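I begin with the pockets and then move on to the helices.

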Amino acid sequence: MKLRWYQQECLDAFIRDAKAYPGKNLLGALPTGTGKSVIIAGICKEVASRGGRVLVLHRTKELIVQN
């Protein structure tokens with residue numbers, strides 16, 4: 001799936017900050033309807049392609065099923 005420009009920008013910023021601040025917790029905040037789930041999937045794909053592992057937590061079952 002091709003990300004929209006702002007989604008790609010968020011993904012790039014996340015990866016850049018993860019490299020700049022290893023071991024730190026990162027937070028991304030975007031408005032409703034901007035494709036946060038798509039960005040999370042992109043981050044997971046990027047991390048997994050580099051041999052890393054990913055754990056995504058949701059607070060409700062509905063969000064898990066939705067994704």
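Predicted model: local features only at pLDDT ≥ 70, side-chain atom pairs only at ≥ 80, totals over all residues.

**Entry 1: the largest pocket**

The largest one has a volume of about 640 Å³. I found 23 residues lining that largest pocket, and the closest to its centre are Phe14, Ala18, Leu26, Leu27 and Ile43. Which helices supply at least two residues each to this lining? I noted α1 and α2, the latter being residues 36-49. Sorted by class, the lining of the largest pocket comes out as 15 nonpolar, six charged and two polar residues.

**Entry 2: the second largest pocket**

Next I looked at the second largest pocket, which holds about 250 Å³ of space. I wrote down some of its lining residues, among them Gly33, Thr34, Gly35, Lys36, Ser37 and Ile40. Leu57, His58, Arg59, Leu63, Gln66 and Asn67 also belong to that lining. The elements giving two or more residues to the lining of the second largest pocket are α2 and α3. Which one gives the most? That's α2, with three residues. By class, I have seven polar, three nonpolar and two charged residues in the lining of the second largest pocket.

**Entry 3: the whole chain**

I stepped back to see the overall layout. The protein has three helices and zero strands, so its pattern along the sequence reads α-α-α. Along the principal axes, the C-alpha trace spans about 35 × 25 × 20 Å. There are 67 residues in the protein, and buried ones make up 12% of them.

The average pLDDT is 90, and 100% of the residues score at least 70. Where is confidence lowest, and where is it highest? It is lowest in helix α3 (residues 61-66), with a mean of 81, and highest in helix α1 (residues 5-20), at 94.

**Entry 4: helix α1**

I checked the length of α1 first. It has 16 residues and reaches 22 Å from its first C-alpha to its last, close to the 22 Å expected at 1.5 Å a residue. Which residues of α1 are buried? I listed Gln7, Leu11 and Ile15. These cover an arc of only 70° around the axis, which puts them on the same side of α1. On the face of α1 turned away from its buried side, I found Trp5, Glu9 and Arg16 exposed.

I then picked out leucine 11, which lies in α1. Why do I call leucine 11 buried? Its relative accessible area is 8%, and buried means under 20%. I also looked up how far leucine 11 is from glutamate 46: they are 35 residues apart along the chain, and their C-alpha atoms are separated by 9.1 Å.

**Entry 5: helix α2**

At 1.5 Å a residue, its 14 residues should span 20 Å, and the end C-alpha atoms are 20 Å apart, which agrees. The buried residues of α2 are Ile39, Gly42 and Ile43. Looking down the axis of α2, I see that its buried residues fall within an arc of 100°, so they line one face of the helix.

Technical notes. Residues numbered from 1 in each chain as written. Heavy atoms only, no water. pLDDT = per-residue confidence, 0-100. Helix = DSSP H or I, 4+ residues; strand = E, 2+ residues; numbered from the N terminus. 1 Å grid on protein atoms, 1.4 Å probe; cavity = no way out; pocket = protein on both sides within 12 Å on 5 of 7 lines; lining within 4 Å. Points joined across faces, edges and corners; volume = space filled by probe spheres on them. Nonpolar A, V, L, I, M, F, W, Y, C, P; charged D, E, K, R; others polar. Expected span 1.5 Å × (residues − 1). Buried < 20%, exposed > 50% of the residue type's maximum accessible area, 1.4 Å probe, protein only. Arc of directions from axis to C-beta.
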